Amino acid sequence: MATYSSIKFDFAKAKQEAARLENAADELKKIANSSMDSALGTLSSGWKGESADLYMKKGAGVKEDLISTANDLYAVANSIRKTAQRIYNAEMEAKRLAEEIARKSK
């Protein structure tokens, strides 16, 4: 049977992993909104024509993909937190009930 400390440790570890995913999502959004915009802006100021337009459209698509992936990471992090909370609550209740049964059986 799990101990209170192992239950708390697993819960904290899940929350840390969710935070890591959110940090990765933040970085992706930063790249999409700053670095991509800057690079595409610089490129468009010096490159004109049909090929440039096509490349800019591809760049905009990549930016959208980065933002979409970041949003997916946020959703996964949120799901991890919710699931971890449910598991934590269930394990703590199971531990409490087990201890209560053990005390009554003595």
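Tutor: Let us begin with aromatic rings. Rings of Phe, Tyr and Trp (its six-membered ring) pair if their centres lie within 6.5 Å; planes under 30 degrees apart count as stacked, over 60 as edge-to-face and the rest as tilted. Please keep in mind that this is a predicted model.

Student: How many aromatic pairs does a search of the whole structure find?

Tutor: The search finds two aromatic pairs. One is formed by F11 and Y88, whose centres are 4.5 Å apart with 25 degrees between the planes, and this pair is stacked. F11 belongs to helix α1 (residues 4-46) and Y88 to helix α2 (residues 50-104), so that the pair links parts of the chain 77 residues apart.

Student: Are F11 and Y88 buried or exposed?

Tutor: Both F11 and Y88 are buried.

Student: Why is the pair of W47 and Y55 tilted?

Tutor: The planes of W47 and Y55 stand at 50 degrees, with the ring centres 5.6 Å apart, and therefore the pair is tilted. As for accessibility, W47 is partly exposed at 34%, and Y55 is partly exposed at 45%.

Student: Which charged residue sits over the ring of Y4?

Tutor: That residue is K95, whose charged end lies 5.7 Å from the centre of the Y4 ring.

Student: With which residues is L28 in contact, leaving aside its neighbours within four places in sequence?

Tutor: L28 is in contact with L66, T69, A70 and L73.

Student: Let us proceed to charged pairs. How many salt bridges are there?

Tutor: A salt bridge requires a side-chain nitrogen of Lys or Arg within 4 Å of a carboxyl oxygen of Asp or Glu. By this rule there are eight salt bridges. One of them joins E17 and R20, with the closest N and O atoms 2.9 Å apart. These two residues are three apart in helix α1, and therefore about one helical turn separates E17 from R20. E17 is partly exposed at 33% relative accessibility, whereas R20 is exposed at 55%.

Student: What is the distance between the closest N and O atoms of D37 and K63?

Tutor: In the salt bridge of D37 with K63, those atoms are 2.8 Å apart. Because D37 lies in helix α1 and K63 in helix α2, the pair ties together parts that are 26 residues apart in sequence. D37 itself is partly exposed, at 37% relative accessibility.

Student: Which residue forms a salt bridge with K104?

Tutor: The partner is E100, with the closest N and O atoms 3.3 Å apart. K104 and E100 are four residues apart in helix α2, about one helical turn. K104 is exposed, with a relative accessible area of 65%, while E100 is partly exposed at 25%. Salt bridges with shared partners join E93, R96, E100 and K104 into one network.

Note on methods:
Residues are numbered from 1 along each chain as its sequence is written. This is a predicted model: local features need pLDDT of at least 70, side-chain atom pairs count only at pLDDT 80 or more; totals for chains, interfaces and linings use all residues. Side-chain values use heavy atoms; hydrogens and water are left out. Buried means under 20% relative accessible area, exposed over 50%, partly exposed in between (1.4 Å probe, protein chains only). A charge sits over a ring if NZ of Lys or CZ of Arg is within 6 Å of the ring centre and within 35 degrees of the ring normal. Contact means heavy atoms within 4.5 Å.
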